[in-house]
2 protein chains.
Amino acid sequence: MDQETENTHKKTVTQDEILQAALKLFANQGYFNTSLTDIKDAVNLKTTAGIYQHFKNKQAIAIALYANILDSLSISIDDIRRRNRKASEQLRELVDLLFKLTEEAPEVIQFLLFVKLDEFLATEKRLLDTAPFIKIKKIFQAGIRDGELRTCDPLLAYTYFFGIISHTLKMILSGDLNKDIDNYQAQAWLAAWNTVVKK
Amino acid sequence: MDQETENTHKKTVTQDEILQAALKLFANQGYFNTSLTDIKDAVNLKTTAGIYQHFKNKQAIAIALYANILDSLSISIDDIRRRNRKASEQLRELVDLLFKLTEEAPEVIQFLLFVKLDEFLATEKRLLDTAPFIKIKKIFQAGIRDGELRTCDPLLAYTYFFGIISHTLKMILSGDLNKDIDNYQAQAWLAAWNTVVKK
DNA sequence: GTCTATACGCCGATAGAC
DNA sequence: GTCTATCGGCGTATAGAC
């Protein structure tokens, strides 16, 4: 407690602090409503100049954020696929993960699923072409191949399943659904699963 | 053909021309990526000053656009509810309408469902509290009351049903789904309907 | 109703001292 | 690595002539 007088100043602003602050701001207000001044304030810098020590410009912050979230999600999905064989189990755990993130790190879900990334990350891949989503599509492919899921276009299975899940998450994040989150999770899983399961 | 030399100039720019041009631009590039200069170019004005004849500022354009689209949708839904009794028929026609709009006026669907309106229309109501969506919720309420739909929270029925429909539309608009649109419609309807129907 | 001209603010970004 | 200072530019918006 002596090496750092517990006051308002930071010795050093780290790259990660900037990313975390930017994530919150981008998720809550949008990229274009967030100025570097906002970010600078959030990390207790006096001017925006310090940000440029870590990122070459504003867009680079968003790109790094996007990459980090995708990486982390990709790793989680690898883990899920390693621990589970059946599509039902893998999808179940994926839904668990997404609901857990919605509760514990809503900004991550907001940024990843509901912010219009293409409006400021024109160069980046579309979500469906990123590593984690390619892996998710593979879950559906394998489930259909193995006869666990209905025989249909895997992309349609993905569309229906995640239509329900992501719309539910969106309604939760917006506050439109606000009574019993755990119950929403169980029901949404069931509804989503029923759209793809082979009966 | 003499009263108007068919050239590049307009005698007068109408309010509706501005709205149509703005809709396209907002839907395709986003509100913040669209400057009044872009809009002015799209309607063949020399400067942005002319726009202020019709709208007090940029936000007012978006507000008018939003109101127009909601009005038009609300009227269509009234019509659907008048012509059909059963929830299945009403929802079916609503899905027809949304897919038709996606084909014929993709910018309308893009703007209404997929643009993050709250980022620049902070003052406006949330989508679910607008007239057309209140009416849509009523369809679900009535369907449950009449025993046509599963007994459950009407808002959840809405969430699942429109999760599937809107995600399908989003995948179509993004080009991720691009093979057989009519087939997507039939299948999406079925999948969505099955999430809410009483079996 | 459309134009010229212009004001003004905000924001992203950089140079250079400490 | 953080600061002061500052720049250029773009975008919104207005005043006023035609």
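Leaving aside its neighbours within four places in sequence, which residues is Ala22(A) in contact with?

Author: This is a predicted model, in which local features need pLDDT of at least 70 and side-chain atom pairs count only at pLDDT 80 or more, while totals for chains, interfaces and linings use all residues. Residues are numbered from 1 along each chain as its sequence is written, and chains are lettered from A and ligands numbered from 1 in the order in which they are written.

Apart from neighbours within four places in sequence, Ala22(A) is in contact with Ile39(A), Ile61(A) and Leu65(A). Two residues are in contact if their C-beta atoms, placed from the backbone, lie within 7 Å.

Ala22(A) also has a place in the largest nonpolar core, which has 107 residues. Ala22(A) and Ala22(B) are the residues with the most contacts inside that core. A nonpolar core is a set of buried Ala, Val, Leu, Ile, Met, Phe, Trp, Tyr and Cys residues joined through C-beta atoms within 7 Å. A residue is buried if 20 or more other C-beta atoms lie within 10 Å of its own, exposed if 12 or fewer, and partly exposed in between, with C-beta atoms placed from the backbone. In soluble globular proteins, nonpolar side chains tend to be buried together.

Next, the two chains. The contact between them takes 24 residues from chain B and 24 residues from chain A. On the side of chain B that touches chain A, the elements giving two or more residues are α7 (154–174) and α8 (181–196) of chain B. Of these, α7(B) gives the most, with 12 residues. Helices (H or I, at least four residues) and strands (E, at least two) are DSSP runs, numbered from the N terminus. The residues on this side of chain B divide into 10 nonpolar, 10 polar and four charged. Here Ala, Val, Leu, Ile, Met, Phe, Trp, Tyr, Cys and Pro count as nonpolar, Asp, Glu, Lys and Arg as charged, and the others, Gly among them, as polar.

The same surface serves both copies, as 100% of the contact residues of chain B recur in chain A.
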